[in-house]
Amino acid sequence: MSIRAEIGYRIGEGRLFQLPPLMASAPVVRTMFVGEAIFEAVTPPWDRSPDGYRLSRLRADLDAFTEGHLISIAEHPFKKPNIAYMARTHPPKDEVWDIRSRDPKPAIRVLGCFAETDTFIALVYDYRRNLGGPRSREWRNLIERCKAEWRKLFPSFPPHKGEDVNAYVSTNVYPL
Amino acid sequence: MPTSQRTSTLYKPKGDEQIPLGTLGYFEARNRNRVYDLVLSEFLRSGISQATLARRLGKGTDVICRWLGAPGNWTLDTVSNLLFAISGAEPEYGVSRPLDGPQRNFAAPEWLSVITSDSNSTTVKMDEHKTELESL
């Protein structure tokens, strides 16, 4: 069985959701699947509250990935310029990546793994203010939660691993 | 089998009805991302460094680093200054009405459609088998 088949089964079970761009006319250039918590958070209608407003903006940031916008990716977990849209988390061997929704404050971090090139599985998220410094326990816990979610969904498949940034995102990508 | 269980609730403004805050937020962020994409693409295409851009604009590299880091505090003037300083460029303007546009043909990758349809047919076969067993 392939990881594609596993993804299909997880969708059938209601444990994974495809997240195409919210705009029905927008193209789907890359593919993103999300866990239930993220799906609930970024799918309208949103509350008429600061949280709801922030999550609507997070959705636009996630749609930038699926619509194929230029995205910058930092491979080094601790030496990343602030322009990075996506960054690898520490340790790199875990293959956990972080989408950085920085604007507006409070910033949000969405963690997940690639299933294959141009296919990202986003599994957990949290507000950046809850995560402390890059080597904090809170960060580590979020990464571990992401890995645990991955193992629950895909026990037979490790996350996709590539030689360089283009092995993760094939086009319109800027390696940092 | 559905690949997205809830559908978009984005809809065009109607009459005097107040637009949901989330809809405005989505379009605000979308606009910022598109402008950011435009400026960053131009910056990357130019091959100049952040230091050069800072010197051209008479700013510190910390300011340029912050500007290129996120479009959070950008004004129309920031966009104009950045584009011109990068390559002598200026933005082009136009409007589109994306909610009026035709729906995309493919929301899911082809492989997913195949897998989910196979999965559905497997479910149907299982149901048929169950019915056969029950009738025995």
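Colleagues, please keep in mind throughout that the model is predicted.

I shall begin with strand β6 of chain A, residues 108-116. Seven of its nine residues are buried, so the strand is largely enclosed by the rest of the structure. β6(A) has a pairing with β5(A), residues 97-101, through five bridges, and the two strands run antiparallel. Within that pairing, A:Ile99 has A:Val110 of β6(A) as its bridge partner. The two strands form a hairpin, with six residues between them.

β6(A) is also joined to β7(A), residues 119-127, by eight bridges, and this pair too runs antiparallel. Here A:Glu116 is bridged to A:Thr119 of β7(A). Two residues lie between the strands of this hairpin, in which A:Asp118 adopts a positive phi near 70°.

Let me turn to the core. Which members of the largest nonpolar core touch the most other members? Of its 64 residues, they are A:Met32, A:Phe33, A:Ile73, A:Met86, A:Leu111, A:Ala122 and A:Cys146. Helix α3 of chain A, residues 50-66, supplies the largest share of this core, with seven residues. As a general remark, nonpolar side chains in soluble globular proteins tend to be buried together.

I now move to chain B and its helix α3, residues 61-69. Its buried residues are B:Ile64, B:Trp67 and B:Leu68. Viewed down the axis of α3(B), they fall within an arc of 90°, and therefore line one face of the helix. What do these buried residues pack against? Their partners are three helices of chain B: α1, residues 21-46, α2, residues 50-57, and α4, residues 76-87.

Finally, the interface. In total, 42 residues of chain B are in contact with 38 residues of chain A. The largest share, 13 residues, belongs to α1(B). Sorted by class, this side of chain B comprises 21 nonpolar, 15 polar and six charged residues.

Notes:
Residues numbered from 1 in each chain as written. Chains lettered and ligands numbered in written order. Predicted model: local features only at pLDDT ≥ 70, side-chain atom pairs only at ≥ 80, totals over all residues. Core = buried A, V, L, I, M, F, W, Y, C linked by C-beta atoms within 7 Å. Buried ≥ 20, exposed ≤ 12 C-beta atoms within 10 Å, placed from the backbone. Helix = DSSP H or I, 4+ residues; strand = E, 2+ residues; numbered from the N terminus. Arc of directions from axis to C-beta. Contact = placed C-beta atoms within 7 Å. Nonpolar A, V, L, I, M, F, W, Y, C, P; charged D, E, K, R; others polar. Pairing = 2+ DSSP bridges.
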